[in-house]
Amino acid sequence: MPAQPYDLDAELARAAEVLRSAHRVTVLTGAGVSAESGVPTFRASDGLWEGHRIEDVATPTGFRKDPELVWRFYNGRRVNVSQVQPNPGHHALVALEDRYGSGFALATQNVDGLHQQAGSKTVFEVHGSLRRTRCTDCERVEDRGLTDLGNRPICAHCGGFLRPDIVWFHEPLPEDTWMSAMRAAQGCEVLLVVGTSAVVYPAAELIPIARRGKSPGATVIECNLDRTAATTQADIGLYGPSGETLPRLVELLR
Ligand code: BV8
Ligand code: ZN
């Protein structure tokens, strides 16, 4: 029996039907939700990330080895993000938050701050933020906006060396933020997984956590250009650019 041809309209209708009767909706986003704003994703560039090996720029070892290279990499991303705007996908998620109010939560792996810039309020940045720096001595965290901080930014409070307040590989996620994201996944009726390859852990664990959550477990809706590691755990698939599919989904809910 040949597989049914994929029908986005039918999947959008199914997703809208599930969302109409839901009160608690959690969203997990990755780099794909910012792609249409002009922010490069991680794995589109065959493992190199804007010309850098991930282990050279997104690990504590890489930072210890060459902090100036890492700061050049992050300043480049800070400046890039300062020049882009949220896209219709970000705005559609704000509309979803308006609909569900306190029943809504958004966990993002993105560090670009575009969800907050679009107006999202309950945002758990499980991998940190490009805007924030953390002192390697006094641990003080500061929001420094998105200006270029130069290659050896120094702490104004203790003179220590600053690092980006970003979770690198082999580093634990911020405890409180991670716990909030897990609780939101455990308690939701619908988990919308947008623009992530779902290969980075423990963030990707939020999907099975939602499915095992409050009985009968959440309905998982994947919103992506392609099938991913999350697809087999998704009940509904909205395949296409999230800047188009999310606004269409919100339209159906009006
Ligand atoms: C940790 C910050 C332990 C940097 C990032 C099991 C359990 C726990 C850990 C592990 C585990 N297995 C392996 C690990 C180790 C590791 C890991 O997950 N490795 C992977 C690669 C196998 N995890 C860690 O190291 C984590 N730490 O576990 O610590 C610990 C515990 C206690 C004490 C000490 C240690 C830390 C992980 C965080 C790493 N930091 N980012 C930075 O951003 O500068 S991860 C990085 O990948 C980004 O945050 C990014 O968001 C994330 C995931 O990538 P995606 O967002 O999914 O982006 P990607 O490009 O992959 O995919 C984009 C998707 O969008 C695609 O599907 C594409 O089709 C789609 N798309 C594109 N355009 C569109 C679109 N979709 C819709 N519309 C479009 N227009
Ligand atoms: Zn300091």
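Colleague: Phe63 and Phe161: buried or exposed?

Modeller: Both Phe63 and Phe161 are buried, meaning under 20% relative accessible area, with over 50% being exposed and anything in between partly exposed (1.4 Å probe, protein chains only). Bear in mind that this is a predicted model, with pLDDT of at least 70 needed for local features and 80 or more for side-chain atom pairs, while totals for chains, interfaces and linings use all residues. Residues count from 1 along each chain as its sequence is written, chains are lettered from A and ligands numbered from 1 in the order written, and side-chain values use heavy atoms, leaving out hydrogens and water.

Colleague: OK. How many aromatic pairs are there in the structure?

Modeller: There are 5 aromatic pairs, that is, Phe, Tyr or Trp rings (the six-membered one for Trp) with centres within 6.5 Å; planes under 30 degrees apart are stacked, over 60 edge-to-face, the rest tilted.

Colleague: And why does the pair Phe63 and Phe161 count as stacked?

Modeller: Because their planes are at 15°, with the ring centres 5.8 Å apart. The pair ties together distant parts of the chain, 98 residues apart: Phe63 sits in helix H4 (60–65) and Phe161 in the loop between S7 and S8. Helices (H or I, at least four residues) and strands (E, at least two) are DSSP runs numbered from the N terminus.

Colleague: What about Phe73 and Tyr74?

Modeller: That pair is edge-to-face, 5.0 Å centre to centre with 80° between the planes, and both residues are buried. Phe63, Phe73, Tyr74, Phe161 and Trp168 make up one aromatic cluster.

Colleague: Switching to the metal: which residues coordinate the zinc ion (ligand 2)?

Modeller: Cys135, Cys138, Cys155 and Cys158, each through SG, at 2.2 to 2.3 Å. Donors are N, O and S atoms within 2.8 Å of the metal (3.2 Å for Na, K and Ca), and water is not among the atoms, so sites may look incomplete. Along the chain the donors of this zinc ion follow the spacing C-x2-C-x16-C-x2-C. Cys135 in strand S6 (128–135) and Cys155 in the loop between S7 and S8 are 20 residues apart, and both are buried.

Colleague: Last topic, the largest nonpolar core. Which element gives the largest share?

Modeller: First, the core has 27 residues, and those touching the most other members include Leu19, Tyr100 and Leu238. A nonpolar core is a set of buried Ala, Val, Leu, Ile, Met, Phe, Trp, Tyr and Cys residues joined through side-chain atoms within 4.5 Å. The largest share, 5 residues, comes from H1.

Colleague: What does Tyr100 contact?

Modeller: Leaving aside neighbours within four places in sequence, Tyr100 is in contact with Leu19, Arg20, Ala22, His23, Val25 and Leu253, contact meaning heavy atoms within 4.5 Å.
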